[in-house]
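Dear colleague,

I am handing over the structure below, and I would be grateful if you could look through it before reading on. My notes on what was found in it follow directly after.

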There are 2 protein chains.
Amino acid sequence: MAEDAPAAPLFRRLCIIGIGLIGSSLARLVRERGDIAATLVLHDRSADVMERARELNLGDVVEPNPVRAVEHCDGVILCVPVGAYHATMSVIAAHLLPGCVLSDVGSTKSSVLRDLVPLLPEGVHLVPGHPMAGTEFSGPDAGFAALFRERWVILTPPPGTDAAAVERISEMWRRAGATLEVMDAAAHDKVVAIVSHLPHMIAFTICSTADDLAQETRDNVLRFAASGFRDFTRIAASDVAMWRDIFLNNREALLEMLARFTEDAQALGRAVRWGEAEFIEDRISRGRKVRRSLIEMKQA
Amino acid sequence: MAEDAPAAPLFRRLCIIGIGLIGSSLARLVRERGDIAATLVLHDRSADVMERARELNLGDVVEPNPVRAVEHCDGVILCVPVGAYHATMSVIAAHLLPGCVLSDVGSTKSSVLRDLVPLLPEGVHLVPGHPMAGTEFSGPDAGFAALFRERWVILTPPPGTDAAAVERISEMWRRAGATLEVMDAAAHDKVVAIVSHLPHMIAFTICSTADDLAQETRDNVLRFAASGFRDFTRIAASDVAMWRDIFLNNREALLEMLARFTEDAQALGRAVRWGEAEFIEDRISRGRKVRRSLIEMKQA
């Protein structure tokens with residue numbers, strides 16, 4: 001529908017704060033489509049990144065002053081690491097227009113409510129969002145407009161959020177080619193803890209573990225990185241500040257999933273030690289079962 | 001070299017025991033090239049698998065009797081799960097020709113020496129091997145001749161092994177397109193424990209952990225399997241008997257790597273609990289460093 005008929009822009013003046021992989025992908029999409037925002041303003045705390053955004057022509061305006069960046073906007077999307085939300089919001093909050101829709105793309109959602117709601121001015125609509133899309137690359141050069149195609153975007157508007165504001169953000173993501181889901185922030189955080197955050201934690205850890213091995217074994221690890229380990233390093237190649245902030249801002253859910261996982265890993269280790277073949281077979285079979293379910297749901 | 005000029009077959013009569021992913025890939029390669037064996041004999045303990053091997057025309061002879069399968073052969077390759085080596089060798093040992101080269105494709109190598117050497121007849125040359133290749137699929141239909149192309153094959157001949165026998169197995173793998181490495185069995189087992197066996201153990205575990213979650217979260221896990229979790233399930237989709245046997249036959253090295261990994265995961269979890277940002281950044285950075293090393297070594 002949106003692709004058949006020319007649609008009116010959803011926002012008169014949209015500001016994207018943070019021009020990394022996600023922010024620059026969204027900027028490219030906005031520029032390519034023309035029906036998301038009439039004017040696109042970009043801001044990043046790094047002068048180098050803003051310079052690069054200008055060179056890449058990612059926005060109509062690249063504004064080094066965050067207050068001026070959000071002024072007069074009817075839409076603002078935070079694309080900074082979740083640990084920077086409170087500081088960013090402290091600077092911009094007083095300058096958000098009444099009626100403005102404030103959204104984000106962070107991977108943790110309870111922390112977003114915690115950091116943004118207390119600072120939210122009357123009449124500004126908060127619609128937190130999480131596009132479940134990414135690559136192992138980061139920065140303004142890494143983005144591309146098709147990043148969100150056929151990916152999930154989870155919105156976690158607090159109860160009572162203005163329905164029209166939710167619909168504008170929803171329509172933005174629909175025009176990005178994404179599939180939408182609405183859930184509460186706590187449920188979101190639990191799911192991403194096991195689906196994404198724990199796998200990343202494990203991947204970072206196994207790389208450290210390998211890196212600590214005696215020189216001879218470590219050299220061989222690099223030479224013989226079979227598919228198992230290699231897949232883990234792909235996950236582990238992600239942005240440092242982003243993942244640090246994700247871990248710190250989804251602490252409860254992540255630690256719960258880590259505890260469950262550790263118990264299960266220890267149980268499998270114990271079965272290996274004592275030669276309990278049936279227990280081991282059961283665990284392997286369940287891995288296959290989960291894989292099959294994913295394939296049936298076209299997620300793999 | 002082997003591909004430019006027609007070469008004489010390395011084996012007069014080669015027997016492959018076990019017609020799964022690896023065995024059937026090797027069989028296809030032998031049949032396609034013609035310069036590995038003049039006659040290819042296949043055996044599997046499953047009548048169904050042998051029937052399928054006949055339908056697929058994977059060998060010159062498909063022989064249901066393992067003794068008759070190895071008789072008169074100058075090469076025998078075990079492609080059965082490593083837990084079946086002792087039983088298989090007990091049946092065939094007395095029927096191996098003097099001068100015969102006995103090899104295998106198992107993922108654990110100390111266990112191979114433990115299970116085969118005591119039963120090895122005088123004059124039979126044992127050259128254990130491990131092609132580091134595989135897919136998430138199994139069985140005679142899953143194999144393909146190019147599986148070993150540009151993959152590592154690690155040989156672990158015990159000290160004093162006949163050099164000509166090692167060279168015949170080496171040349172077989174060269175003709176398969178693989179790159180060879182020779183090391184001792186203990187060093188091999190340590191490397192594969194961290195590079196392959198622990199990642200599989202972790203992948204099976206995280207699938208079980210997810211499978212145990214409350215229904216609502218579990219449904220969402222399947223729906224939102226982002227790249228992290230999805231990559232893990234690919235690893236977890238492997239053959240049950242093969243992986244059970246690998247875990248049980250690389251117990252020491254695997255449990256050591258699991259213990260190191262668990263300590264490291266707990267340390268990272270503790271840093272998340274106490275908000276130790278620097279420690280977390282260090283771990284993430286090391287993941288990226290290992291990834292970069294792999295890319296420089298063209299392993300990723």
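Starting inside chain A, about 1300 Å² is buried between domain 1 of chain A and domain 2 of chain A, and carbon and sulfur atoms give 62% of that area. On the side of domain 1, the residues that lose the most area to domain 2 of chain A are Ser107(A), Thr108(A) and Glu136(A), which together make up 36% of what that side buries. Please keep in mind throughout that this is a predicted model.

The two parts in question are domain 1, which covers residues 11-183 of chain A, and domain 2, which covers residues 187-296. Their C-alpha centres lie 31 Å apart, and the contact between them takes 18 residues from domain 1 of chain A and 16 residues from domain 2 of chain A.

As for the polar side of this boundary, the count between the two domains of chain A is zero salt bridges, while five residue pairs are in polar contact, both residues being at pLDDT 80 or more. Helix α5 of chain A (residues 110-116) supplies the largest share of the side of domain 1 that touches domain 2, namely four residues. Sorted by class, that side of domain 1 has six nonpolar, eight polar and four charged residues.

Turning to the boundary between the chains, 87 residues of chain A are in contact with 87 residues of chain B, and the two chains bury about 8600 Å² between them, with 68% of it on carbon and sulfur atoms. Within chain A, the residues that lose the most area to chain B are Arg223(A), Phe224(A) and Arg291(A), although together they account for 8% of what that side buries.

Between chain A and chain B the count is twelve salt bridges, and one of them joins Glu181(A) to Arg223(B), with the closest N and O atoms 2.5 Å apart. Across the same interface, 20 residue pairs are found in polar contact, again with both residues at pLDDT 80 or more.

Several elements of chain A each supply at least two residues of the side that touches chain B, including strand β8 (152-155) and the helices α8 (215-223), α9 (227-236) and α12 (277-296). Helix α7(A) gives the most to that side, with 17 residues. By class, the residues of chain A that touch chain B divide into 48 nonpolar, 17 polar and 22 charged.

With best regards

Note on methods:
Residues are numbered from 1 along each chain as its sequence is written. Chains are lettered from A and ligands numbered from 1 in the order in which they are written. This is a predicted model: local features need pLDDT of at least 70, side-chain atom pairs count only at pLDDT 80 or more; totals for chains, interfaces and linings use all residues. Side-chain values use heavy atoms; hydrogens and water are left out. Contact means heavy atoms within 4.5 Å. Buried area is the accessible area (1.4 Å probe) that two parts lose on being put together, summed over both. A salt bridge is a side-chain nitrogen of Lys or Arg within 4 Å of a carboxyl oxygen of Asp or Glu. A polar contact is a pair of N or O atoms within 3.5 Å; within protein, one must be able to donate a hydrogen and the other to accept it, and residues adjacent in sequence count only if both atoms are side-chain atoms. Ala, Val, Leu, Ile, Met, Phe, Trp, Tyr, Cys and Pro count as nonpolar, Asp, Glu, Lys and Arg as charged, and the others, Gly among them, as polar. Domain bounds come from an automatic or database domain assignment.
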